[in-house]
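Student: I have a structure open and would like to talk through the labels attached to it. Could we take them one at a time?

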Amino acid sequence: MPIVLLILAAVGAISVGSSQINGFWSVLFNPGSNEIVWQIRFPRVMAALIVGAALGIAGLMAQGACNNALAEPAILGTAAGASFGAVIGIATGLVQVGSLGALAWGTAGALLATSITFRLAALRGALSSFNLIIVGIAVSAIFTSLVGITSAVLNRADARSISFWSLGSLALVTNENLVGIIFTTLAGGVIAWSIAPKLDRLSLGDQSAFHLGVNVPRVRFLALISLSLLAGGAVSTVGVIAFIGLAAPHIARFIYGPSHRGLTLHSALIGALIVLVADTLSRTIAQPNELAIGLATALIGAPILIALVTVKNNVWRTQ
Amino acid sequence: MITIDEITIVRDGREIIYDYSEQIPAGSITVIVGPNGCGKSTLLAAIAGDFAPDKGVITIDDLHPILTSPQELSRIRAMAVQNQSFTLGFTVRQIIEMAGEADQVIEQLALGEIADRLVTTLSGGEAQRVAIAQAIAQNTPVLLLDEPLAAQDVYSRGRIIQLLKELAEEGKTIVVIVHSSESELSWADKVIKQFH
């Protein structure tokens, strides 16, 4: 059912835009037959689906590894680290905005920032989810400041493109850009799928998970790698898109239950659906202008999350 | 058999356990009894391999828990911690199935009525019984239970003690922590009161 909904939404998203497409169905079944559809809308819709899926699973990894409902890539410093990595790559002239190189730098930055968060949170012994969240917010703030400072010293053209990208936009995505993010999303998704049963056990606490045979530090490390690949790839390609990492896993959990293996798929589907609908709205609602996608993702995701928390708040113990 | 050989455990600069030795026989129920803060749970966690003693050695049938991988150790010993917290809304059955086969232990501990309930909605006593059931479902030769009788009504206490006796008769080595307020310990094969 969600997959059918996603396909219908994707076809609908490709069909709408500032230009009317004559013979849409014929164009749709003939790849390359129409430049607007196949060079502009198709990569954009594909990017929305992949980025949404990546951020949905990234949020799941963050919440599962920290055993905390508030964890997400933005909270743990992952998103800010990815921005920092990509901006440093661009600032040094080694890579361009949206390139595969920027994706590699972004993923490395995400890994660096998330590792710092986990390492600092564990400095005084056992890794507590409270420490992770507090340290993550601080690390995120530091990397966000570094992105701002680096952008300020760049030349004007680079700064403008970085500014546009950092607000979150799928407008510049090309078919070539998709290759890298497909790779990071698949790699991160496979790791997430493989450690999912262990994250179920980790929800009982580190000590009980260990008693059940889970190598807790190893599972956390793999979750960190998965999170960095997923969020790093997404952020370095389309900028920071807020809220998906937090909302998609929670919405999926409310509908499908807490098992992480099922949630890996469902968080991806729900993340993809929200980003796709949000991007379609952001480019059509105020034509010819385009809204920042983060405005639309929050407007769509937040009411759903509030409604589910209000009606069915029994999947995550809050007290 | 569990062998505790001259162990010392220091926590926050305080000697919790000092130069303590003990042998816990296989196929029996051993009860560790004492007041709050005397180090009962610390001793059980050390036996479970949660950490290494500062001095001395603990072995389970010649196997060193701290030198054994978590996966291999989970086939040797199971443990139910005190005050098990459940953050995600799995059902009781799903929680038990994380450790092994659930049907038999659900019946043995009379958890049938709550088997499909979410663990986030359980009372303290129910949650503790689910933790015990999960440890039993792990089906290991050694079973470590931290205050399994706390917060249980008379009926549940009787069921738990009866099940532990049956498991010991099957050959399992069972170590149970009880609070010093527990007066009736005739069901234990061995009682440890002093381990400082």
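Tutor: Happy to! Keep in mind that this is a predicted model.

Student: Why are H4(A) and H6(A) called roughly parallel?

Tutor: The axes of helix H4 (residues 78-91) of chain A and helix H6 (residues 129-152) of chain A cross at roughly 25° and come within 8 Å. Angles under 35 degrees count as roughly parallel, so H4(A) is roughly parallel to H6(A). The crossing of H4(A) past H6(A) is left-handed.

Student: Which residues of H4(A) and H6(A) meet?

Tutor: Among them are A:Phe84, A:Val87 and A:Ile88 in H4(A), and A:Phe143, A:Leu146 and A:Val147 in H6(A). By class, this contact of H4(A) with H6(A) has eight nonpolar, six polar and no charged residues.

Student: What makes up the contact of chain A with chain B?

Tutor: Chain A gives 19 residues and chain B gives 20 residues. On the chain B side, helix H2 (70-73) and strand S5 (77-80) each supply at least two residues. That side of chain B has eleven nonpolar, eight polar and one charged.

Student: S5 of chain B is also in a sheet, I think. What makes S5 and S8 of chain B edge strands?

Tutor: The five strands of this open sheet in chain B run in the order S5-S6-S7-S3-S8, with parallel pairing. S5 and strand S8 (190-192) of chain B each have a single partner strand, so one side of each is left without a neighbour in the sheet. From one strand to the next, the twist averages 15°.

Student: How do you know that S5(B) and S6(B) pair?

Tutor: At least two bridges are needed for a pair, and S5(B) has four bridges with strand S6 (residues 142-146) of chain B, in the parallel sense. B:Ala78, for instance, stands opposite B:Leu143 in S6(B). Helix H5 (residues 124-137) of chain B lies across S5 and S6 of chain B and runs at about 175° to S5(B).

Student: Now the loops. Why is B:Asn83 called exposed?

Tutor: B:Asn83 has 12 other C-beta atoms within 10 Å; 12 or fewer means exposed, so B:Asn83 is exposed. B:Asn83 sits in the loop between S5 and helix H3 (92-97) of chain B, and has a positive phi of about 55° although it is not a glycine.

Student: And what makes B:Ala151 partly exposed?

Tutor: B:Ala151 has 16 C-beta neighbours inside 10 Å. A residue with 20 or more is buried and one with 12 or fewer is exposed, so B:Ala151 counts as partly exposed. B:Ala151 is in the loop between S6 and helix H6 (154-169) of chain B, with a positive phi of about 65° although it is not a glycine.

Methods. Residues are numbered from 1 along each chain as its sequence is written. Chains are lettered from A and ligands numbered from 1 in the order in which they are written. This is a predicted model: local features need pLDDT of at least 70, side-chain atom pairs count only at pLDDT 80 or more; totals for chains, interfaces and linings use all residues. Axes are lines fitted to C-alpha atoms, for helices over the stretch in contact, and angles run from 0 to 180 degrees between N-to-C directions. Angles under 35 degrees count as roughly parallel, over 145 as roughly antiparallel, 65 to 115 as roughly perpendicular and the rest as oblique. A crossing is left-handed if the near helix is turned anticlockwise from the far one by less than a right angle, and right-handed if clockwise. Two residues are in contact if their C-beta atoms, placed from the backbone, lie within 7 Å. Ala, Val, Leu, Ile, Met, Phe, Trp, Tyr, Cys and Pro count as nonpolar, Asp, Glu, Lys and Arg as charged, and the others, Gly among them, as polar.
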